Amino acid sequence: MIEMVHVSKAYEGSTQALLDISLKVEKGKFVYLTGPSGAGKTTLLKLLYAAERPTEGEIRVNGFDVARLKSREIPYLRRSLGVVFQGSKLLFQRTVFENVAFALEVLGAKRREVIKKTSQALWLVGLERKGSCFPSQISAGEQQRVAIARAIVNEPLLILADEPTGNIDFGAAEEIVRLFDEINFRGATVVLATHNEGLPAILPKERIVLNRGQMVESSLSKPLAFA
Ligand SMILES: Nc1ncnc2c1ncn2[C@@H]1O[C@H](COP(=O)(O)OP(=O)(O)OP(=O)(O)O)[C@@H](O)[C@H]1O
Ligand SMILES: [Mg+2]
């Protein structure tokens with residue numbers, strides 16, 4: 001499902017964000033990507049959904065050769081996964097329902113399908129009664145759940161979640177982690193990036209630890225090329 005082989009990323013004029021990362025995440029797994037602020041977690045996720053290009057190395061995601069993907073092919077990769085962005089990135093002029101529905105509308109889904117799938121996603125995250133609220137009218141934890149509903153509404157097989165428990169208290173964070181467990185149970189592979197060391201304690205799963213761009217710990221098997 002995800003394979004990175006000798007991947008490095010240097011931003012222009014900056015230090016090395018990622019250095020020689022090799023990892024493999026198999027279908028159906030739930031993996032934490034942890035490490036302190038600036039360790040490279042967001043960068044790693046961005047490489048997976050082609051928001052950034054690697055400086056070196058090979059990346060495969062859902063059968064796509066991501067490092068060599070042409071710009072016009074990127075939408076196909078994006079359709080095969082769901083991203084929960086750091087800071088949730090909701091549209092504040094639109095309702096909760098519209099925020100989630102938008103993710104389907106841009107894919108050209110029919111009105112009836114949009115309504116059905118959006119309602120289902122909001123139900124799954126426990127926000128079926130908040131559809132007509134604006135993001136400013138709901139709590140930070142609920143905003144995060146809207147961002148999760150938006151990521152899962154197209155029923156992707158892979159969910160990349162970047163700090164989905166930022167800015168919320170421990171109880172709300174626990175609910176969100178349990179929600180990802182449910183999403184994983186329903187069949188999606190989950191990669192959850194967080195600097196919150198408390199999350200793996202709530203729900204122990206496999207773990208990749210980054211520090212200053214290097215993978216300092218991993219419970220995953222190595223990619224085949226290194227077996
Ligand atoms: N667009 C960019 N241009 C230049 N440098 C960047 C850019 N984005 C990130 N960096 C640098 O790359 C390194 C890794 O950043 P990244 O955002 O991946 O860390 P992170 O682990 O997600 O941190 P946090 O926990 O604070 O979200 C940092 O040193 C950061 O300053
Ligand atoms: Mg980050």
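Biologist: Which protein donors does the magnesium ion (ligand 2) have?
Modeller: In this predicted model, the protein donors lie 2.0 to 2.4 Å from the magnesium ion. They link distant parts of the chain, 44 residues apart: one is in helix 1 (residues 41-48), the other in the loop between strand 6 (81-84) and helix 3 (96-105). The donors are Thr42 (OG1) and Gln86 (OE1).

Biologist: Is Gln86 buried, partly exposed or exposed?
Modeller: Buried requires under 20% relative accessible area and exposed over 50%. The relative accessible area of Gln86 is 41%, so the residue is partly exposed.

Biologist: Which are the edge strands of the open sheet?
Modeller: Four strands form this sheet with antiparallel pairing, in the order 2-1-4-5. Each edge strand pairs on one side only, which gives strand 2 (16-25) and strand 5 (64-65).

Biologist: Which strands does helix 1 touch?
Modeller: Helix 1 packs on the sheet, and its direction makes about 120° with that of strand 1. The strands touched by helix 1 are strand 1, strand 2 and strand 4.

Biologist: How are the rings of Phe30 and Tyr32 arranged, stacked, tilted or edge-to-face?
Modeller: Both Phe30 and Tyr32 are buried. Their ring centres are 5.3 Å apart. Planes under 30 degrees apart count as stacked and over 60 as edge-to-face; here the angle is 55°, so the pair is tilted.

Biologist: And how are the rings of Tyr49 and Phe85 arranged?
Modeller: Tyr49 lies in the loop between helix 1 and strand 4 and Phe85 in the loop between strand 6 and helix 3, so the pair ties together parts 36 residues apart in sequence. With centres 5.9 Å apart and planes at 80°, the arrangement is edge-to-face.

Key
Residues are numbered from 1 along each chain as its sequence is written. Chains are lettered from A and ligands numbered from 1 in the order in which they are written. This is a predicted model: local features need pLDDT of at least 70, side-chain atom pairs count only at pLDDT 80 or more; totals for chains, interfaces and linings use all residues. Side-chain values use heavy atoms; hydrogens and water are left out. Donors are N, O and S atoms within 2.8 Å of the metal (3.2 Å for Na, K and Ca); water is not among the atoms, so sites may look incomplete. Helices (H or I, at least four residues) and strands (E, at least two) are DSSP runs, numbered from the N terminus. Buried means under 20% relative accessible area, exposed over 50%, partly exposed in between (1.4 Å probe, protein chains only). Two strands pair if DSSP finds at least two bridges between them. Contact means heavy atoms within 4.5 Å. Axes are lines fitted to C-alpha atoms, for helices over the stretch in contact, and angles run from 0 to 180 degrees between N-to-C directions. Rings of Phe, Tyr and Trp (its six-membered ring) pair if their centres lie within 6.5 Å; planes under 30 degrees apart count as stacked, over 60 as edge-to-face and the rest as tilted.
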